[in-house]
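Please consider the structure shown below, with attention to its charged side chains. The paragraphs that follow take up their pairings in turn.

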Amino acid sequence: MPGSTTAAGAWFTLRRRTTIYPPEPVGRPGICAVCRGPARPGYARCYQCGQHDLLGPGLLADAVVPISYAVKGTAFAVSLWRYKSWRSPDLAARTALLTLLLTFLHDHGRCVWRYAGMPAPGRLAVVPTGCGRPGPHPLLDMAGPYLRLPRTGLAIRPGEQGRDPNPDRFIAERSGPGAVLLLDDSWVSGASAQSAAAALKRAGARHVAVVVLGRHVDPADRLSAPLAARLAPSGYDPDRCAVHPVPTSASPSDTTLPDPSGS
């Protein structure tokens with residue numbers, strides 16, 4: 001987390017081992033201001049993020065921050081599937097994804113909290129898998145011990161599985177009116193993550209910031225194809241992130257952050 005006393009050399013080593021598909025900057029035409037996916041010309045948000053308004057006023061996440069794009073068919077996208085395989089989880093994929101997540105939070109956690117208009121989170125939650133697998137989510141299992149935050153449980157409400165935004169899909173533990181860091185491994189439509197954010201807020205959370213490992217992009221999709229065509233893997237850059245594409249050493253007065261609602 002920001003403020004870690006871990007030796008700078010160790011973080012430097014982790015950064016050098018990390019490759020991502022950097023998210024497009026906020027405000028670029030044709031890019032959704034919420035999830036950084038493709039949006040139709042003239043629209044600030046993609047169709048799916050527009051549909052999330054159905055969850056109700058005040059229930060959406062205060063910020064959605066993808067660390068990388070996950071282009072279908074690439075090694076990174078495959079890792080997001082293999083790391084949580086029931087039968088044979090890919091340990092190399094787990095190590096790579098954990099490195100990416102911890103490095104990003106160390107370098108850009110403050111960007112996320114400021115973009116969401118909230119203090120540093122006091123609790124941690126993970127979006128449950130759609131199939132309702134038993135036991136802790138693999139992402140929570142591998143990252144939880146390193147983040148040192150109390151966990152807020154989320155579970156799928158019986159009979160409420162689905163792909164549409166639904167404020168009743170998840171049951172969230174009540175944990176006080178603080179700020180929650182909500183992790184998700186993959187964002188396709190975002191309905192699960194935003195439904196989980198709604199459940200957390202209905203349970204009392206004042207702020208929810210969603211950090212996503214990979215924003216799914218399908219090159220075969222007509223609307224996504226132009227975005228996918230210009231994406232290429234690159235080395236992790238500690239000075240840039242999806243919500244703060246300027247050097248992180250800049251002071252708050254040097255930078256105007258965009259509206260996370262996309263309005």
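In this predicted model, Glu24 and Arg230 form a salt bridge whose closest N and O atoms are 3.0 Å apart. The pair links distant parts of the chain, 206 residues apart: Glu24 belongs to the loop between β1 (19-20) and α2 (47-51), while Arg230 belongs to the loop between α7 (225-229) and β8 (234-235). Glu24 is buried, with a relative accessible area of 7%, whereas Arg230, at 43%, is partly exposed. Side chains of opposite charge can pair when their charged atoms come close.

A second pairing is that of Asp62 with Lys201, a salt bridge in which the closest N and O atoms are 3.1 Å apart. Asp62 has a relative accessible area of 18% and Lys201 one of 14%; because buried means under 20%, Asp62 counts as buried, and so does Lys201. Elsewhere, salt bridges with shared partners join Glu24, Arg28 and Arg230 into one network.

Another salt bridge connects Asp107 with Arg15, their closest N and O atoms being 2.8 Å apart. Asp107 is in helix α4 (residues 91-116) and Arg15 is in helix α1 (residues 8-16), so the pair ties together parts that are 92 residues apart in sequence. Asp107 is buried, at 14% relative accessible area, and Arg15 is buried as well, at 18%. In the whole structure, a search finds seven salt bridges.

Methods:
Residues are numbered from 1 along each chain as its sequence is written. This is a predicted model: local features need pLDDT of at least 70, side-chain atom pairs count only at pLDDT 80 or more; totals for chains, interfaces and linings use all residues. Side-chain values use heavy atoms; hydrogens and water are left out. A salt bridge is a side-chain nitrogen of Lys or Arg within 4 Å of a carboxyl oxygen of Asp or Glu. Helices (H or I, at least four residues) and strands (E, at least two) are DSSP runs, numbered from the N terminus. Buried means under 20% relative accessible area, exposed over 50%, partly exposed in between (1.4 Å probe, protein chains only).
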